[in-house]
Amino acid sequence: HPVKKKIRIGITALGIIILCILLKLFVIGEPVDGAQLSYNITQNDATLELQVSATESAVALKGWKIEQEENNVFISTKKVPVSFLFSSGKHQTSINIDGIENVYLGGQIIWSSK
């Protein structure tokens, strides 16, 4: 029956669309800017001890990237809803700041040697 085939195709397409939305929301996430994060920095000689947490509730942070470009360090992450896949809205790291002028978190400067 052509009508049943069209219904199956429609349901399959709807299922794929819902799956893509759920993947974007719960797995891929969206970039976080510095205003959505709170942080605490402790400097020990040439090392920064950085503790970061999400300011929103029920948000997990994932996909941490720490990149150095010339004398600057850029830290970025993505946020997703808390789930069995990602459950922590906190992150802790150490950064070697020997020769570093600025450290950015989510596009905002959080430390400067000047």
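**Strand pairing, salt bridges and surface of the predicted chain**

Strand E4 (residues 59-69) is joined to strand E5 (residues 72-81) by 9 bridges, and the two strands run antiparallel; strands are taken as DSSP runs of E with at least two residues, helices as runs of H or I with at least four residues, both numbered from the N terminus, and two strands are said to pair if DSSP finds at least two bridges between them. The model is a predicted one, in which local features need pLDDT of at least 70 and side-chain atom pairs count only at pLDDT 80 or more, whereas totals for chains, interfaces and linings use all residues. Residues are numbered from 1 along each chain as its sequence is written, and side-chain values use heavy atoms, with hydrogens and water left out.

The secondary structure of the protein chain consists of 1 helix and 8 strands, which follow one another along the sequence in the pattern α-β-β-β-β-β-β-β-β. The C-alpha trace spans about 75 × 30 × 20 Å along its principal axes. The radius of gyration, taken over C-alpha atoms, is 20 Å, whereas a compact globule of 114 residues would have a value near 13 Å, by the rule of 2.2 Å times the number of residues to the power 0.38. Of the contacts with a separation of 6 or more, 57% are between residues 24 or more positions apart, a contact being heavy atoms within 4.5 Å.

Strand E1 (residues 30-31) is joined to E5 by 2 bridges in the antiparallel sense, with Pro 31 standing opposite Lys 78. The hairpin of E4 and E5 has 2 residues between the strands, and Glu 70 in this hairpin takes a positive phi near 55°.

Ser 53, which is placed in E3 (residues 47-54), stands opposite Ser 38 and has Lys 90 in E6 as a bridge partner. Ser 53 is buried, with a relative accessible area of 19%, where buried denotes under 20%, exposed over 50% and partly exposed the range in between, for a 1.4 Å probe and protein chains only. When residues up to four places away in sequence are not counted, Ser 53 touches Gln 36, Leu 37, Ser 38, Leu 61, Gly 89 and Lys 90.

Ile 109, in strand E8 (residues 108-112), is partly exposed at a relative accessible area of 45%. Leaving aside neighbours within four places in sequence, Ile 109 is in contact with Tyr 39, Asn 102, Val 103 and Tyr 104.

A search of the whole structure finds 3 salt bridges, each defined as a side-chain nitrogen of Lys or Arg within 4 Å of a carboxyl oxygen of Asp or Glu. Glu 30 and Lys 79 meet at 3.9 Å, N to O; because Glu 30 lies in strand E1 and Lys 79 in strand E5, this pair ties together parts that are 49 residues apart in sequence. Glu 56 forms a salt bridge with Lys 79, the closest N and O atoms being 2.8 Å apart, and this pair links the loop between E3 and E4 with strand E5, 23 residues apart. Glu 30, Glu 56 and Lys 79 are thus linked in a network of salt bridges, in which Lys 79 counts as buried at 14% relative accessibility, whereas Glu 30 is partly exposed at 40% and Glu 56 is partly exposed at 35%. Lys 114 and Glu 101 meet in a salt bridge at 3.7 Å, N to O. Lys 114 is exposed, with a relative accessible area of 76%, and Glu 101 is partly exposed at 30%.

Buried residues make up 28% of the 114 residues. The accessible surface of the chain comes to about 7700 Å², of which 57% belongs to carbon and sulfur atoms; areas come from the Shrake-Rupley method with a 1.4 Å probe, and for residues only the protein chains shown count as cover.
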